[in-house]
Each structure stands twice: as C-alpha cells, then as structure tokens.
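Have the structure open as you read.

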Amino acid sequence: MSNPLADMDKPDVIFCIGTNMTECHPVAATRLKRALTRGAKMIVADPRRIGLADISDVYLPIRVGSDVSLLLAMAHVIARDGLLDDSFMEEHTTEGEGFLEHVARFTPEWASGICGVPAEDIEAAALLYGGADRAAIYYTVGITEHICGVDNVQSLCNLALMTGNLGREGTGVNPMRGQNNIQGAGDAGALPNNYPGFQSVTVPAHQEKFARAYGRPVDLEEGMTKVTALDLAGDRIRAMIIDGENTVVSDPDRQHCEHALKSLDCLVVIDIFMSETAEMADVVFPATAWAETDGVCTNTERRVQRLRAAVPPPGEARPDWWILSRLGERMGWEGFGFQSAREVFNELCSLSPIYAGLDWDRIARSEYQWPVPEPGHPGTPRLHEDGFINGRGIFKMLTYRDPEETVNEDYPIWLTTGRRLPAYHTRTQTGRSEGLDYLLSEERLEVHPDDIAGLGLQNGGWAELSSPRGCVHVKVRATTRSPRGTVFASFAFNDVPVNVLTGGGYDPVTQTAALKACPVALKPVAPPPALGQTGLGGALGRTAPP
C-alpha cells in the first residue's frame with residue numbers, strides 16, 4: 001500500500017475496484033465504514049453486488065475482465081472536464097501530454113458497450129473521483145488475476161497521477177494483500193526478477209553485491225515463475241519444494257497442476273497440516289504455525305512486525321527458516337548456518353536498502369514501515385510524499401483487450417471466483433474449525449434467478465459446471481448478487497474443485513492466471529447417489545472430461 005491503514009478513514013472519495021473487502025479484509029473494511037460515517041463518498045466497481053456495493057454512492061457492475069475500458073473512460077472524463085492536477089503532473093510525471101491525447105478517444109459511451117455500465121454512471125464515478133481533494137484507490141486480486149492484470153494496475157496509477165492523489169494523507173493506490181506476509185515474501189526476494197529489497201537481478205551492481213554476500217556466482221538473468229516451473233516439471237524441473245501453499249487446490253487448471261507434480265522425481269512440501277498438496281509429496285516437513293514461531297512478517301501497509309512464539313510447537317514441527325537452513329547445509333551449501341530468526345532477519349537488513357535502518361532489536365514494537373534506509377530513520381508510513389524515488393511517475397498508454405477466452409456458444413456464461421468470509425483460502429486451517437465449518441460447510445454456485453429458470457436449474461439442486469479443461473458438480477444457490485450471465489464460486493472447497501475449470505490465459509508480464517474470467521457451461525444434474533439416498537448436505541465435487 002502506498003498509504004498506511006490509518007489513512008483509510010481519511011479520504012473524501014474512496015474507489016474500491018476488484019476488492020470484496022468486507023469478506024476478504026473485514027477488519028480493514030471497518031475503517032472505510034468509519035470514513036463513510038464521516039461523510040466520505042464511495043465508488044465500487046465489481047461484477048457482483050458485494051457488501052461494499054450496498055453502502056456505495058456509485059456502484060459500477062462491470063462485466064468480468066473489462067476493467068481497462070472503464071478506467072480509460074474515467075480518465076477521459078477527468079481530462080475532458082479539467083479535473084487534472086496540472087502542477088502535480090508537471091512536477092512529478094512524464095508522458096502526460098501524450099496520455100491526455102491518448103484517452104481523448106475513450107468515451108464513456110465506448111466503454112459502456114464493453115463493460116456494460118451505463119455511460120452516465122461512468123461519468124458520475126469519474127467526476128466524483130476527479131473532483132475530490134483526497135481520493136484513495138483500493139484493490140485486490142479482482143484486478144490482478146486477469147491476462148491484463150498489469151494493465152489494470154497501471155490504469156489505476158494513471159488515475160492517481162492525473163489527479164495528484166499520491167503522496168498525501170487519505171490518497172494513494174493501495175493493494176490489499178491476500179495472505180499474511182505476502183508483502184514480506186516479496187521484500188525478502190521471493191520473486192523471479194528481484195533480489196531482496198526489489199533489487200533487479202539483471203543489474204550488474206546488484207549481481208556483484210549478492211555474489212559477494214553469498215560467496216558464489218549468482219544467476220545473471222530472471223528466474224522462472226511457478227507457471228513455467230509447472231510446465232517444465234518432469235523435464236527441466238525434476239524436483240520442487242512447496243512451502244506453505246496448497247498448490248493443488250489454489251492453482252488454476254488443476255489437472256495440469258496434478259500431472260506436473262506427479263511428473264517430478266521428488267516433491268517436498270513444508271506445511272503445518274497435511275494439505276491436498278502435501279498428500280502428493282515424497283517428503284513432508286512439519287512446520288510451526290504462527291503462534292509457535294519467532295520471526296518477522298511485513299503486512300499490507302509495509303509494517304515490519306516481530307512475531308513471538310506463544311506456545312511450543314507440537315512433535316517434530318520446526319520453523320520454516322530452520323528447515324530450509326538445514327536443507328541447505330545437508331546439500332553442502334555455505335551460508336545456511338542460521339541458528340535463529342534474528343540471524344536471518346539481520347542478514348536481510350544488511351542486503352536490502354529498504355530494510356537497511358532496521359534490525360531484530362529495532363523492530364521489537366513493530367512500529368516501522370519501510371523504506372527505512374538508515375539507522376535512526378523514522379520509517380515511511382506514506383510513500384511518495386517527497387516525490388518518486390525513481391524520478392517521475394510515468395503515464396502508460398494502454399488499450400482494452402478481451403480476456404483470452406470469451407463466452408461463446410459452447411460456454412456462454414462467465415465464471416468468476418473468489419473467497420468467502422468464513423473460509424480462508426483453501427480451508428487448510430479454517431476447514432478444521434468446527435465453528436467456521438458450521439458457518440460455511442459447503443460450496444454453492446451463485447446463479448441469478450433468471451438464469452436458474454432459463455437453464456432448468458433448481459435453487460438448492462445440483463448443476464454441472466464445465467469449461468474447456470473439465471467439469472465439477474456443485475449445488476446451486478439462487479441470488480441476485482451475481483448478475484445474469486455470470487456465476488460465482490469460491491475455490492475454498494476441495495470437494496468442489498473449481499480450479500479444475502480455470503486457467504484460460506495468463507498475464508504476459510507476471511504470468512498471473514485469469515482466475516476471474518472463465519467461460520463456462522451450466523446444466524442441471526442429479527445429486528450424487530450417496531447424498532440422494534441419505535439426504536445429507538455437502539458438495540461432493542467430481543472431475544471429468546468436458
């Protein structure tokens with residue numbers, strides 16, 4: 001996030017796009033509700049009428065995958081009506097003149113024909129955002145999990161740059177991270193293109209720095225993403241370690257994923273529970289859970305937080321850093337002799353410019369947000385207050401493009417996926433809680449009542465949901481929350497393996513899968529025999545060829 005969580009109740013206008021925050025980030029969402037109580041206005045763009053839409057001032061029910069068209073049209077209106085921050089653009093940006101010429105042709109009427117939102121509502125949203133003194137953007141994976149995920153984020157940055165909504169209280173472009181410490185993982189170098197601290201692996205000075213630190217030559221080119229690694233499993237990739245991720249359930253194109261993992265000579269999984277992925281492993285190392293671990297995580301607002309073990313770990317469970325360190329030592333590699341989380345973190349601080357002013361003792365009270373470039377620095381709760389570290393913000397000339405797969409005669413319905421409040425991710429943890437399982441014990445496909453009638457489905461009955469990659473059987477829930485022609489399901493339940501269906505295309509820059517826009521077909525089917533005989537609830541998902 002460019003701005004701290006404390007800023008969430010300070011904007012005059014809040015623009016939430018592709019984020020179901022009341023279910024996926026319910027604690028942070030309370031700050032937005034506080035802002036609305038204070039008098040702030042809110043714009044919500046989402047294909048489903050999520051909880052935020054019910055309390056918004058302008059709701060934009062866009063077609064899945066059409067975000068760029070909406071954002072181009074909003075930029076058009078802001079430029080057309082003179083709502084630009086001219087001084088900010090002149091002092092802090094580049095390519096602005098070309099950008100304004102570029103967006104002149106993307107009218108709300110043009111965008112309406114693509115995204116399905118009335119032109120007048122697009123104008124209302126643009127005028128509200130562009131006319132605010134302090135406007136903040138919040139988004140999550142509803143924006144990024146598309147073949148145009150990078151374009152979507154850059155389009156949001158364009159809006160902030162043209163209105164000067166960066167580097168000030170109550171403004172910013174703010175991605176809400178989906179899992180604990182996903183920000184910290186990127187900070188520590190868990191990316192194929194960066195060393196720790198987002199230092200590019202292709203810059204010679206960075207290569208020399210890390211070669212000296214590690215005492216050996218380092219790779220001179222960007223590494224591969226997990227998508228590429230799975231494609232090469234059984235060929236160039238013979239072994240794999242999966243740490244803390246239930247890849248089989250959470251990744252797209254499940255049949256491809258399972259085939260890839262089975263093709264490996266050796267699969268090692270590090271996890272706190274025997275997940276569906278761990279069940280496929282040759283070796284499983286039991287890791288310590290959050291309350292059993294001394295360590296560090298960095299949260300969504302870049303706050304570096306000390307974690308302290310509250311209880312001893314069970315059995316042979318060990319911290320992830322300890323397991324990886326011992327593996328490195330057994331493989332004969334120098335530099336893996338870490339004996340404490342303190343040592344690991346202090347090495348990170350010695351190598352990462354954004355952590356350079358921190359150490360294990362200084363983060364004892366979790367009060368600093370990076371960058372902290374030197375000892376004594378107070379941290380940086382709000383980015384870009386003194387301009388952009390790389391010089392100027394660059395406007396991007398983007399155009400709309402359809403998802404790689406679009407609805408057609410064989411697959412005429414859009415499927416979009418996401419999360420539900422009581423079921424975290426793949427239920428590896430929440431599925432073991434009786435209380436949470438009581439709140440959500442099965443997955444149901446959200447279908448508009450008109451589609452239920454038109455397809456011969458029944459509310460509470462069973463349906464076969466199919467894509468070019470496979471099919472699943474799932475119970476149906478009638479709701480107007482999803483619009484006609486679009487259905488929704490979470491990927492939380494292994495017995496309704498929705499990610500058998502997804503995987504039609506990837507962003508060319510990040511290789512993020514298009515999990516939010518998948519054409520499917522839908523038809524009624526009889527309930528599974530066991531459920532039909534006993535009358536028991538629950539969804540028994542099955543996979544089969546399409």
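Start with a rule for rings: two rings of Phe, Tyr or Trp (taking the six-membered ring of Trp) count as a pair if their centres lie within 6.5 Å. Keep in mind that this is a predicted model. By that rule, the count here comes to nine aromatic pairs.

Let's look at one of them. F210 and Y214 make a tilted pair, with 5.7 Å from centre to centre and 50° between the planes. Where do these two sit? Both are in helix α12 (residues 204-214), four residues apart, which is about one turn of the helix.

Now turn to F345 and Y355. Their ring centres are 6.0 Å apart and their planes meet at 70°, so this pair is edge-to-face. Here the pair links distant parts of the chain: F345 belongs to helix α17 (residues 341-351), Y355 sits in the loop between α17 and β14 (393-394), and 10 residues separate them. Both F345 and Y355 are buried. Before moving on, go back to F210 and Y214 for a moment, and you'll find that ring pairs tie them into a cluster with Y195.

Next, the greasy inside. In soluble globular proteins, nonpolar side chains tend to be buried together. The largest nonpolar core in this model has 47 residues, and the ones touching the most other members are F15, I17, L60, M74, Y129, L159 and M162. Helix α4 gives this core its largest share, nine residues. Apart from it there's another core, made of 21 residues, including I14, C16, I50 and Y138.

Finally, what about empty space? Rolling a probe the size of a water molecule over the atoms shows where it is left. How many cavities of 30 Å³ or more does a search of the whole structure find? The search turns up one, and the space in this largest cavity is about 30 Å³. Its lining is made of L71, L72, A75, F99, S155 and N158. Two elements, α4 (67-80) and α10 (149-163), each give two or more residues to that lining, with α4 providing the largest share, three. Sorted by type, the lining has four nonpolar residues, two polar and no charged ones.

Technical notes
Residues are numbered from 1 along each chain as its sequence is written. This is a predicted model: local features need pLDDT of at least 70, side-chain atom pairs count only at pLDDT 80 or more; totals for chains, interfaces and linings use all residues. Side-chain values use heavy atoms; hydrogens and water are left out. On a 1 Å grid over the protein atoms alone, a cavity is a set of points where a 1.4 Å probe fits but cannot get out, and a pocket is an open set with protein on both sides within 12 Å along at least five of seven lines; lining residues have an atom within 4 Å of a point. Grid points are joined across faces, edges and corners, and a volume is the space filled by probe spheres set on the points. Ala, Val, Leu, Ile, Met, Phe, Trp, Tyr, Cys and Pro count as nonpolar, Asp, Glu, Lys and Arg as charged, and the others, Gly among them, as polar. A nonpolar core is a set of buried Ala, Val, Leu, Ile, Met, Phe, Trp, Tyr and Cys residues joined through side-chain atoms within 4.5 Å. Buried means under 20% relative accessible area, exposed over 50%, partly exposed in between (1.4 Å probe, protein chains only). Rings of Phe, Tyr and Trp (its six-membered ring) pair if their centres lie within 6.5 Å; planes under 30 degrees apart count as stacked, over 60 as edge-to-face and the rest as tilted.
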